[in-house]
Amino acid sequence: MSPLQCPACGHPIVTLWRSQGPWKSYRCADCEVGFLNPRPSLEALRRYYNTIYDHNDLAESEAARGDARALVEALASRRRPGRVLEIGSSYGVFLEEAAARGWDIQGVEIGVDRVAVARERWIPTFHGTIEDARFPDAA
């Protein structure tokens, strides 16, 4: 069995961050990217976020704002503000924090209720998958 590596930077040291429904989230010790392992199928994600996942309350998401701020600060320590794309952007709390610090933001989310809330909050969010989004090259 091969060791678990960060899918973004390949760093070999990742730590268990939290359990999320039936999946485990890990965070890279180097670039701080969070990811699920094993990676769920698209159908499993759609079913989970559109029918099973019952934590659809924005207040809970707001409670995570501190995590979002910490992630934006980690990103800002590595790069100047530019463009940021969040896949699985939920209500857009991370993106809202990033925009407040000068980033040009875009979200992608498969949960229809979350997309509606994000758009009501003026957070640009595509409903669907990254493959469906068809963003321009180098966007």
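A salt bridge, in what follows, is a side-chain nitrogen of Lys or Arg within 4 Å of a carboxyl oxygen of Asp or Glu. By this rule the count comes to seven salt bridges, and I shall return to several of them.

First, the basis of the work. The model is predicted, so to speak of local features pLDDT of at least 70 is needed, and side-chain atom pairs count only at pLDDT 80 or more, whereas totals for chains, interfaces and linings use all residues. Residues are numbered from 1 along each chain as its sequence is written, and side-chain values use heavy atoms, with hydrogens and water left out.

Let me begin with the overall architecture. The protein chain holds six helices and six strands; helices (H or I, at least four residues) and strands (E, at least two) are DSSP runs, numbered from the N terminus. Along the sequence, the pattern reads β-β-β-α-α-α-β-α-β-α-β-α. The accessible surface of the protein chain is about 8,800 Å², and 52% of this belongs to carbon and sulfur atoms; these areas come from the Shrake-Rupley method with a 1.4 Å probe, and for residues only the protein chains shown count as cover. Of the 139 residues in the protein chain, 31% are buried. Here buried means under 20% relative accessible area, exposed over 50%, and partly exposed in between, with a 1.4 Å probe and protein chains only. Contacts are pairs with heavy atoms within 4.5 Å. Among those between residues at least 6 apart in sequence, 39% join residues at least 24 apart.

Which residues make up the largest nonpolar core? They are A68, V72, V84, V93, F94, L95, A98, W103, I105, A118 and I123, 11 residues in all. The elements that give two or more residues to this core are α3, residues 65-76, and α4. With four residues, α4 gives the most to this core. Apart from it lies another core, of six residues, W23, A44, L45 and Y49 among them. The term nonpolar core denotes a set of buried Ala, Val, Leu, Ile, Met, Phe, Trp, Tyr and Cys residues joined through side-chain atoms within 4.5 Å.

Leaving aside residues up to four places away in sequence, L95 touches V84, E86, S89, I105, Q106, G107 and I123. After α4 comes G102, whose phi is positive, near 100°.

The charged residues between α3 and α4 come next. R65 forms a salt bridge with E96, with the closest N and O atoms 2.6 Å apart. That pair links distant parts of the chain, R65 in helix α3 and E96 in helix α4, 31 residues apart. R65 counts as buried at 12% relative accessibility, while E96 counts as partly exposed at 27%. The side chains of R65 and E97 also meet in a salt bridge, at 2.6 Å from N to O. Because R65 lies in helix α3 and E97 in helix α4, this pair ties together parts that are 32 residues apart in sequence. A further salt bridge is found between the side chains of R69 and E97, at 3.3 Å from N to O. It too links distant parts of the chain, R69 in helix α3 and E97 in helix α4, 28 residues apart. R69 is partly exposed, with a relative accessible area of 36%, and E97 counts as buried at 7%. Salt bridges that share partners join R65, R69, E96, E97, R101 and R121 into one network.

In general, an α-helix has 3.6 residues a turn, so residues three or four places apart point the same way. W122 follows α5, and its phi is positive, near 65°.

Finally, the surface. I87 lies in strand β4, residues 83-87, and is exposed, with a relative accessible area of 54%. S19, in strand β1, residues 14-20, is exposed at 51%. S19 and L36 are 17 residues apart in sequence and 9.1 Å apart in space, C-alpha to C-alpha.
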